[in-house]
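This report walks through selected parts of one model. Take a look at the structure first.

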Amino acid sequence: MGGALGLDLGTSGLRALLIDEAGQPVGASERACGVAHPHPGWSEQDPADWIATLEAVMADLAARFPEAMARVRGIGVSGHMHGATLLDAAMTPIRPCILWNDTRSHAEAARLDALPGMRETSGNIVFPGFTAPKLDWVRRHEPEAFARVAKVLLPAAFLNLYLTGRAVADMSDSAGTSWFDTGRRDWSDALLEAGHMRRDQMPELVEGSDPAGTLRPELAARWGIAPGAVVAGGAGDNAAAACGTGALAEGQGFVSLGTSGVLLAARDGYRPDPGNALHTFCHAVPGRWYQMGVILSATDSLNWLSRISGQSPADLTRALGEDLQAPGRVRFLPYLSGERTPHNDAAIRGAFTGLGAETGLPDLTRAVLEGVAFALRDCAEALRGAGADLGHLLAIGGGARSDYWLRLIATVLGVPLQVPAGGELGAALGAARLGRVAASGAAPETEMTPPAIARTVAPEPALADAFEEAYRGFRAAYPGLKAIQ
């Protein structure tokens, strides 16, 4: 079957992962990418920097792992979603890519979101970070650039173009544009027209696990890869992470405790619920979808408390001890940067309530951990309302290193959390697996298997009722908080 290469283009940099014929990691390389913020709320990257970063990591891999590179038969690309890379007729970028966390197009997003059929067809709210409102902003504010647009590519598809010479995107990434019929897995002519775009300006569509093309011969020669290596359709970053953790079928999913928090569930069918700010996207493999709830400040909430207290996150959580405590009187609403699921409220900000003269730093720490857990419970309730099965979840991300936080989240969600045994997980591995499937024709299920589990963190039944009552109080606090801000 041969080895494979996974490329994960994140906002902060690019990671390349080599896997061998058995699917095991054999080498990796990373390089950073800068982000420009020329105006408040703007977030941009130069696509030329992506190519320079790609060339740097590939040169590093070729120098350190020449034998593994020579055995690469498949390549997959994962990228941060929603970015608008505008190309002219010569397939040259017209302007910097407008990134997923750019909020300049909030007015355009609101206009599009209010159009009849928009949510029903795309399966999602039109958020300012999505691609369609960005192009509408360019149309209104940079008309000369808009008139030159021959293709709009997402970041992963731009790397596909460089690798193969073909403008090809996969279904999972394309579902985050607001031009896409997510149920039919095709561009929507009606949504394109609503956004003043045309189908010929869109890339060709393939499933993420299908071939998008072959590696250009000059790149293969430069990087020491055998001629004819297949480049897969690839995936958006969360779909690739699901492939890396083996979350393909109903009942499989993960909770990711990173700067933001993600609760993702694989779905065997298409059951959107945009009213709860759930994201519903195509999966990177045929005939499957995934849904996720997103909270904007997960470990970011603990890091914020760390900054203002002068204590490290590890020291803060260590002070709570080993045993899970019942919920305290102090409540924390973790809306430091607004909130996505279920409120879709960019303006809301966080708060502590229940502070007393006796309140100490451990009480604040416990409240922060509980507030994030309750916000994830909001995501779980939205997913369950859409029919998702949350039988068990993998726990990944930096926050998963805290045993106390895992016991708390398991109890608040009422779901066992499985802790992976270690090793490579995530989007780069998922991208490499997509490359292997595209090159070999193997069934995705045979490649995208769950990791070995080190242990399972079970809910604590004795505290379930107390946390259920505390969660109801958390839910009741949002309307009051919004009313006074």
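## A bridge in the sheet

S256 has V262 in β17 as its bridge partner. The strands involved are β16 (residues 253-257) and β17 (residues 261-267), which run antiparallel and are joined by five bridges. Strands here are DSSP E runs of at least two residues, helices are H or I runs of at least four, and both are numbered from the N terminus. Two strands pair if DSSP finds at least two bridges between them.

This is a predicted model: local features need pLDDT of at least 70, side-chain atom pairs count only at pLDDT 80 or more, and totals for chains, interfaces and linings use all residues. Residues are numbered from 1 along each chain as its sequence is written, and side-chain values use heavy atoms, with hydrogens and water left out.

## The whole sheet

The open sheet has seven strands with mixed pairing, in the order β18-β19-β17-β16-β22-β23-β24. At its edges stand β18 (279-282) and β24 (453-457), each with a single partner strand, so one side of each lacks a neighbour in the sheet. Neighbouring strands are turned by 25 degrees against each other on average, direction ignored.

Helix α14 (residues 361-385) packs on this sheet and touches β16, β17 and β19 (289-295). Its direction makes about 150 degrees with that of β19. Contact means heavy atoms within 4.5 Å. Axes are lines fitted to C-alpha atoms, for helices over the stretch in contact, and angles run from 0 to 180 degrees between N-to-C directions. Helix α15 (residues 403-413) lies across β16, β22 (393-396), β23 (417-420) and β24. It runs at about 55 degrees to β24.

## Helices α12 and α14

Helix α12 (residues 299-309) packs with α14 at about 160 degrees, their axes 9 Å apart. The two are therefore roughly antiparallel (over 145 degrees). S301, L302, L305 and S309 of α12 meet L361, L364, T365, V368, L369 and V372 of α14.

## Helices α1 and α7

The axes of α1 (residues 47-64) and α7 (residues 155-164) come within 11 Å and cross at roughly 60 degrees. P47, W50, I51, L54 and E55 of α1 make the contact with P155, F158, L159, Y162 and L163 of α7.

## Residue T85

T85 sits in strand β6 (residues 85-87). Leaving aside residues up to four places away in sequence, T85 touches residues including P47, W50, P155 and F158.

Note on methods
Parallel < 35°, antiparallel > 145°, perpendicular 65-115°, else oblique.
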